[in-house]
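Colleague: I should like to learn how to read a model of this kind, one feature at a time. Could we begin with the contacts inside a single chain?

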Amino acid sequence: MSTIKILTGNYAVAWGVKLSRVKVIAAYPITPQTTIVEKIAEFVENGEMDAKYLMVESEHSAMAATIGASATGVRAFTATSSQGLLYMHEMVWWASAARLPIVMAVVMRALAPPWSIWNEHTDLMDQRDTGWLITLAENNQEVLDSIIMSYRISEHEDVLLPSIVGLDAFILSHTLEPVEIPGQDLIDEFLPPRPPKPFTLNPENPITHGGIVTPEYYMEFRYLIEKGMENARRLIVEVAKEYKNITGRWHGDLVDEYKCSDAKILIIVAGATAGTCKEAVDVLREKGFNVGVLRLRYIRPFPSSIVRERVSSVKSVVIIDRSYSFGGGGIIGADVASSIYGSNGGPLIHDYIAGLGGRDIGVREVERIVEETVRAMESGEKGIKTLWFDLKREVLE
Amino acid sequence: MVRSEKRGVRIMPLRVMDLDKEEYVLPGNPSCPGCPASLGLRMLGKVLGPKTVLVIPASCSSIIQGVYPKSSIKLPLLNIAFAAAASTAAGIAAGFEAQGKSDINVVVWAGDGGTVDIGVQAISGAAERGDNIIYVCYDNEAYMNTGIQRSGATPFGAWTTTTWTGKKRWKKDMPSIVVAHKVPYVATASIGYIMDFAEKLRKASKYKGFKYIHLLAPCPVGWRFPPNKTIHIGRLAVRTGLWPLYEVEQGVFKLSPICMPLLKKENRIPVIEYLKLQGRFKHLREEDVRRIQEEVDELWDNIRRKLEDARC
């Protein structure tokens, strides 16, 4: 039986974690994430949640302990924000490269100095290269639903990558909204216990995890992460549909569109600001502006092909970026621009991924890369393409 | 086995025949000749057996385990970032506990850099929380894996590649730092007395909570002595009194039997006999040696006082 409660975004996270039957939580307090860990502590202490709770001494340890727990095969969770997320950063990489389906809530907050506890997305964007699936919620209902869906997607054997659910500091984290809490039986069916995997820590099957890999094999490990990321595109859509079937709710899949079909102007945005943009679109349409909102529900994997398609049918695009890369520009802006590259001419770009983990790039390799690109150009190829150079196919199969 | 709050765990002494005959550190691994870390890890497997999970932060043991797709360690092993060993192990212990698996030893096997320097925050956290893990620091007194740089565990006077004229500060007393967390079991050990280490490992595994063993691991490469002298140097460290072997069980300090005679100064070998065998100390002046000897004598005065206090 589902019920409606008035919840902050942070409490919606805690409810999502409870409904997902998470077994180990490790966390450290930081504003504005704190009420997540407080609420979960309450759930665990009063017996509403059957879980181990490690109150660690830092965010670095929070992710380390979450990694350890997840490596034993249980469902694990943590949450952080801002400075905490950056302090954790080394272990954020470790979690994804160790292929552990952890879910983490990130309450997106500005970075110091100067001190600021208020909202922006730079802390989250700083994780965009780490191999985590990254989704940003628009409202508290989506926060709860995304936590649950994220475990389903992350734990799928074709993905096995962790997920971040981002929610805007205060705008969602501390704002009360009505949230429908699905019945536990419904979620138990949607999200059964984590499927056992052959490479969890198990004395019956002693495996060395994460030992040294020479340039001979390292790059293939990285390619497999990218493959998981690509598979996630499909899973994100499938899981969102399935979730809609059982709850009736649709927040979008990789993207969420609002009045896009006839739009001539497109606003591209992520997170809670999208709600404001949708409101503004209604006002602007009254004034005669033909505007729509394309909300990036996921920024990793980046919904490149959808963005390319939607952008091609409008006359101008407005991007609202709540983050910045100094010396580089707006972060979503850069991803959008690269997604649409080539739709209006420009030279062919081949973006070769090469030399990872110390694999040698010699003069011959460069010759081959150039010759291959010239051949593609001559055959009429256009736009931008990412190519993994010289992968060992026999290892990947 | 008898458990008593005051006296701790009392068990029959460990014999060689009690050890697991299985090898958990396989031959052909890439450790250096005379490596104390592989000796210690081998013993760890033989004492704790197959129901053991290892957590190894960046250290010489990242190398000793071999290169993908092979491994020299026949126990489940999770490699982890330098600062993260204790907290990762805590998470593993919690994960097993959540699954009702209570018979698995979760063991951190970390070097001195990963313990007394970069790992100290995570250790302090796990010790204070009482996470159910065994933490073993194999202390070769410098960052050996990266090429013999000084660590907080490097002793006074020792040459390293970042202390060319000898370290000017004293070795960090990590076991005492752990004792301050009121954990059930802390012990020191030396590779020179391997069965004493084995005994302490076994004892640690009988306690629930955070257990800590600090194992002195003389490194032929970094300490500049021949590889066939690892055990000898490990024994001299103890018999000169430089590295006292003891346990702190449920807060009660106990000097290990091997060290009882050392309470009398005349039974302690002068430190020069230990120092002169190692290239890392060859530049020491007489006054440096005297300072080290005085430090050792003072250490033993403190140990005697501690034992007298315990008796009162």
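Modeller: In chain A, among contacts between residues at least 6 apart in sequence, 81% join residues at least 24 apart; two residues are in contact if their C-beta atoms, placed from the backbone, lie within 7 Å. This is a predicted model, in which local features need pLDDT of at least 70 and side-chain atom pairs count only at pLDDT 80 or more, while totals for chains, interfaces and linings use all residues. Residues are numbered from 1 along each chain as its sequence is written, and chains are lettered from A and ligands numbered from 1 in the order in which they are written.

Colleague: Among contacts in chain B between residues at least 6 apart in sequence, what percentage join residues at least 24 apart?

Modeller: For chain B the corresponding value is 69%.

Colleague: How does one judge the overall form of chain A, with its 397 residues?

Modeller: For chain A, the rule gives a value near 21 Å for a compact globule, and the chain has 22 Å, which agrees. Its C-alpha trace spans about 70 × 65 × 45 Å along the principal axes. The C-alpha trace of chain B spans about 60 × 55 × 40 Å.

Colleague: How many helices and strands does chain B have?

Modeller: Helices (H or I, at least four residues) and strands (E, at least two) are DSSP runs, numbered from the N terminus. Chain B has eleven helices and ten strands, and chain A has 13 helices and 16 strands.

Colleague: In what order do the nine strands of the open sheet lie?

Modeller: Two strands pair if DSSP finds at least two bridges between them. The order here is S9(A)-S4(B)-S3(B)-S5(B)-S6(B)-S8(B)-S7(B)-S9(B)-S10(B), with mixed pairing. Strand S9 (208-209) of chain A and strand S10 (252-255) of chain B stand at the edges with a single partner strand each, so one side of each has no neighbour in the sheet. S9(A) joins S4(B) through two bridges in the parallel sense, and there A:His209 has B:Leu78 as its bridge partner. Strands S3 (residues 52-57) and S5 (residues 105-111) of chain B also run parallel, joined by four bridges; B:Val55 stands opposite B:Val108 in S5(B).

Colleague: Which helices of chain B pack at an angle of about 40°?

Modeller: Two packed helices are described by the angle between their axes and the distance between the axes. Axes are lines fitted to C-alpha atoms, for helices over the stretch in contact, and angles run from 0 to 180 degrees between N-to-C directions. The pair is helix H3 (residues 85-98) and helix H5 (residues 120-129) of chain B, whose axes are 7 Å apart. Residues of this contact include B:Ala90 of H3(B) and B:Ile123 of H5(B).

Colleague: How many residues does each chain give to the contact between chain A and chain B?

Modeller: Chain B gives 39 residues and chain A gives 36 residues. On the side of chain B that touches chain A, H3(B) supplies the largest share, eleven residues. That side divides into 21 nonpolar, 14 polar and four charged residues; Ala, Val, Leu, Ile, Met, Phe, Trp, Tyr, Cys and Pro count as nonpolar, Asp, Glu, Lys and Arg as charged, and the others, Gly among them, as polar.

Colleague: Is B:Pro30 buried, exposed or partly exposed?

Modeller: A residue is buried if 20 or more other C-beta atoms lie within 10 Å of its own, exposed if 12 or fewer, and partly exposed in between, with C-beta atoms placed from the backbone. B:Pro30 has 14 C-beta neighbours inside 10 Å and therefore counts as partly exposed. B:Pro30 lies in the loop between strand S2 (8-10) and helix H1 (36-48) of chain B. Its C-alpha atom is separated by 5.2 Å from that of B:Ile64, 34 residues apart along the chain. Of the residues of chain B, 53% are buried; in chain A, 46% are.

Colleague: What average pLDDT does chain B have?

Modeller: pLDDT is the predictor's confidence in each residue, from 0 to 100. Chain B averages 95, and 96% of the residues score at least 70. Over residues 1-5 of chain B, however, the pLDDT is below 50. Where pLDDT is low, the predicted coordinates should not be read in detail. The model scores ipTM 0.97 and pTM 0.97.

Conventions. Rg over C-alpha atoms; globule rule 2.2 N^0.38 Å.
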